[in-house]
Amino acid sequence: AKRTGQAAAPIAQASAISPAYATSTASAASNSANPTDVETAADKARTFATEFATALERAGFSEISIGKDGQLWHVRAEPRSWRKNRLDALGVVMAHWQSLSPYVDTPVAVTLTFLKNPVLQARTNTTCLQYFVNGVGTCNESKPFAFKDDPIAMESDLQHVLWYAENAATQFLRPDIELSPSASYTVGSEFGIYDYSVGISTGVEVPLYKGLSWQGYHTRLVTETDDFKNPNHYFRRVGLGEKTARGASMFTYTRPVYKNLWVEAAHGALSSSTSGTTFNTVWTSSDSKLKLSATKGTYKQTMFYGFESLKPSFVTARYAVRPGFWALSMTRGRFLNNDEGYQVMSSHTFGDNRIRFFYRKTGPGNFQTPNKRAFAGFSITMPIGPKESYSLGPVTIRGRDQYSLGLETKVQEKDNYIEPGYGLYPTIRHGLNTDVGDYDRGDVGSIEANLHRLIASIREHSKK
């Protein structure tokens with residue numbers, strides 16, 4: 001069968017080993033042995049596939065399929081317990097393949113998914129994998145891995161696979177719980193050196209169908225300073241501060257529609273007072289450096305006087321100056337509170353952590369953003385909790401995949417009075433702009449720039 005799509009680097013083989021990309025037809029011709037041998041080989045492959053799927057389920061994966069396309073083995077799995085970083089998940093699968101597979105010289109393609117849509121594929125064989133783990137950067141002068149991030153090309157590859165085990169360990173209606181702090185705070189304001197309002201946020205995701213899920217979260221107030229406790233204080237009047245209440249509650253549907261082009265639709269409550277519909281699209285260039293995204297939404301916000309119509313509509317262009325480490329982006333359009341303007345950002349990634357510096361100028365918009373204002377600031381993003389989720393029966397529990405803290409200040413103004421609400425995004429916790437792109441670390445360029453993380457993961461889980 002002919003494979004189309006994004007070209008992959010060749011996986012060199014040891015002597016007398018069939019090419020990693022041999023077609024099914026060629027393989028069938030070379031394996032035209034007597035029927036008894038073929039049947040025995042098929043039974044052996046089926047038994048191995050079942051056992052390997054069971055091992056991956058114990059390791060925290062779901063929707064597991066194991067099969068072959070000619071000489072090429074395929075492993076497709078959803079890293080349900082490995083949501084912090086996709087390279088950790090890939091390392092777990094590769095470590096299991098290295099230790100459990102009896103097919104020493106046979107190539108394998110591992111495809112990771114999000115809500116059953118393919119998001120990353122890595123091809124190798126045991127010989128090259130061993131070289132890689134031992135610190136050898138090449139395998140017979142070729143890269144030890146060939147990666148794909150084009151979902152359409154991956155789907156095309158998987159159409160020709162003969163599955164021996166398929167969709168084992170379903171994740172349908174199995175909740176994933178995510179815990180994190182939730183905080184509002186001010187530093188050096190006219191009301192004091194430091195004020196805060198802190199709560200605990202409990203997020204829930206429930207997979208429903210391929211690409212479809214329900215997600216939401218609830219926040220419970222834990223503690224706050226006196227200025228936040230007073231409901232008539234300025235902080236509370238402008239919308240700052242945590243409270244015990246339901247937050248988001250929405251259905252989201254995500255799918256690829258063309259080469260490196262994804263779309264997403266979300267409907268429901270964005271917060272306890274805002275509900276409506278959002279449409280997102282993301283396209284990434286084949287070299288992973290340029291990413292274009294667009295957001296358009298229609299929301300109604302409940303106010304004391306009635307409803308406020310919110311119609312965010314903006315586009316973002318992101319260029320990876322150094323893939324996996326440094327990116328520049330610009331967003332322009334109408335933000336959540338109907339304030340029109342732009343934001344420029346420089347984003348610097350260090351493994352699971354990121355620091356962003358930004359300048360933003362928007363407004364006027366609705367009553368929350370009545371003026372034209374400019375802000376400059378920074379944010380620090382980090383994961384909370386261990387890499388692997390904790391499993392409790394059908395439920396997984398983990399810390400927040402990415403939690404952000406930051407500061408901003410007004411610029412080009414005579415005062416620095418707190419004015420929140422400018423330049424806000426209609427944020428969806430899990431979906432196209434987060435999990436599909438692995439928080440902007442899931443493209444081939446970023447993956448290849450951080451292969452040391454993959455080596456570390458394989459070594460760690462090979463010891464278990």
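Serine 65 sits opposite arginine 76 in β2, where β1 (62-69) and β2 (72-78) pair in the antiparallel sense over six bridges. Pairing here takes at least two DSSP bridges between two strands, and the strands themselves (E, at least two residues) and helices (H or I, at least four) are DSSP runs, numbered from the N terminus. This is a predicted model, where local features need pLDDT of at least 70, side-chain atom pairs count only at pLDDT 80 or more, and totals for chains, interfaces and linings use all residues. Residues are numbered from 1 along each chain as its sequence is written, and side-chain values use heavy atoms, with hydrogens and water left out.

Back to the hairpin: two residues lie between β1 and β2, and glycine 70 in that turn has a positive phi of about 65 degrees.

Now follow β2. Seven of its seven residues are buried, meaning under 20% relative accessible area with a 1.4 Å probe, protein chains only. Leu72, His74, Arg76 and Glu78 point one way, while Trp73, Val75 and Ala77 point the other. On its partner β3 (residues 107-114), the pairing is parallel, over five bridges, and tryptophan 73 has valine 108 as its bridge partner.

What about the helix before all this? Helix α2 (residues 35-58) has 24 residues and reaches 35 Å from its first C-alpha to its last, close to the 34 Å expected at 1.5 Å a residue, counting one less than its number of residues. Its buried residues include Phe48, Phe52 and Leu56. An α-helix has 3.6 residues a turn, so residues three or four places apart point the same way. After α2 comes glycine 60, with a positive phi near 105 degrees.

Note on methods:
Buried < 20%, exposed > 50% of the residue type's maximum accessible area, 1.4 Å probe, protein only. Contact = heavy atoms within 4.5 Å.
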